[in-house]
Amino acid sequence: MTAAAVPDEAFVAGLARLDGMTSARLRALLRGRTGRQAWQAVVEDWADETLDRLAAADPGLRARWRMATLTSDLVEAAWSDCRRLGVHVLVWGRPGYPVALLHDPSPPPVLFARGNLATLDTRRVGIVGTRNATPGGRRMARALGRELAEAGVGVISGLARGIDGAAHMGVRDVAEIGGAGPVAVVGSGPDVVFPREHCDLWEWIASDGLLLTEHPPGTTPLPAHFPQRNRVIAGLSELLVVVESRSTGGSLITVREAIKRGVDVLAVPGSLMNRASHGTNQLIADGARTVLEPSDVLIALGLDTRRTSTLPFDPRVEPAPRDRLVLAAFGADTLTIDELVTRTGNDAIASALAVGRLEAGGWLLDIGGWYAPVDHLGPWS
């Protein structure tokens, strides 16, 4: 395959395979560039301020990346693997990318997908919970998955042991009679099944639903991948249901990400003597709506239809007037706090506070002490 014939998505897939590449680093590299241009910047070791900022935190990064690009054909290998596995490479801002994530506070710069992309065109509920679920918790998750799928509601989970897997087993229970397809967001490559006992469930979802990941084929699961995966689950969900969670359970990370995005959180109560219910009971005490039966979720779905459209939905809260002026001062530029002070005439403390609020609200991205407007992250925005 000649370089000219290689699609832009192949270069993004190759970049995603570089050692030490993270979602934030890839997002920064693709800001204002095509995948091909970002790849050339790495290969040719351009004098580039983005690469300089990334390397400042890891001095050996540029050298490792350049060596990898010169000693192996990462682009062709990554693209070949994607084609062999039937993996779609969905780049932020390009056709096919999930519209629910376009204006997410931290959108994945690329998603690797197996299955039917139209699976996301239904109503969607995330179901999460502990890996060490009780038999009762698994039964509840399975019942929720089954009845939601029957009602045409897509079920999203992380396909982990326990609650996640049980919810998708419920969806599979009614697959023969129709209903919405399942969506799984995983923390490894689309071809690296984890946990191994979910192999059949994994392949069924990739065939009859949609399997999504930020990681290219061949990527093994690492602990750092799962908190990142949880934000994608939250971003794709209209509602998030927590079935069982310990007081410090990983599913509470998904809860925090959902709250950040304005996604309503519901919880299934449990016995005070059951450690697996401590987290869900606390959520209810803090104001989360209670789920006693699947119909409670269906009723809750009628309260918010903002995310059902196939048009992009922006979940961010509009900045206050004073912060809108600060955001407007950026234009399409990347600025430091000092440069912002010069541009606005505000003092440093007021500028830093405004930038902090805008970053927390998803309007600015921190790139190593420089700040960029999120709406200008890619060449297709």
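Strand 3 is largely enclosed by the rest of the structure, because five of its six residues are buried (under 20% relative accessible area with a 1.4 Å probe, protein chains only; exposed is over 50%, partly exposed in between). Strands here are DSSP E runs of at least two residues and helices are H or I runs of at least four, numbered from the N terminus. The model is predicted, so local features need pLDDT of at least 70 and side-chain atom pairs pLDDT 80 or more, while totals for chains, interfaces and linings use all residues. Residues are numbered from 1 along each chain as its sequence is written, and side-chain values use heavy atoms, with hydrogens and water left out.

Nine strands make up an open, mixed sheet in the order 1-2-6-5-4-3-7-8-9, where pairing takes at least two DSSP bridges. Strand 1 (88-91) and strand 9 (289-290) sit at the edges, each pairing on one side only. Strand 3 runs parallel to strand 4, joined by four bridges, and R124 stands opposite G154 there. Strand 2 (residues 110-115) and strand 6 (residues 210-213) also share four bridges, but in the antiparallel sense; A113 faces L212 in that pair. Helix 13 (residues 294-301) lies across strands 3, 4, 7, 8 and 9, at about 160 degrees to strand 7 (axes are lines fitted to C-alpha atoms, for helices over the stretch in contact, and angles run from 0 to 180 degrees between N-to-C directions).

H198 belongs to the loop between strand 5 (183-185) and helix 9 (199-208). H198 counts as buried because its relative accessible area is 6%. Leaving aside residues up to four places away in sequence, H198 touches L159, A160, R161, G165, M169 and V193, a contact being heavy atoms within 4.5 Å.

Helix 2 (23-30) and helix 10 (225-236) are the elements that give two or more residues to its lining. That lining has 22 residues, with A16, M21, T22, H215 and H225 nearest the centre. A pocket is an open set of points on a 1 Å grid over the protein atoms alone, with protein on both sides within 12 Å along at least five of seven lines; a cavity is a set where a 1.4 Å probe fits but cannot get out, and lining residues have an atom within 4 Å of a point. Four cavities of 30 Å³ or more turn up in the whole structure. The second largest cavity has about 70 Å³ of space, and G158, F194, P195, F226 and R229 are the closest to its centre among 13 lining residues. Volumes are the space filled by probe spheres set on the points, which are joined across faces, edges and corners.
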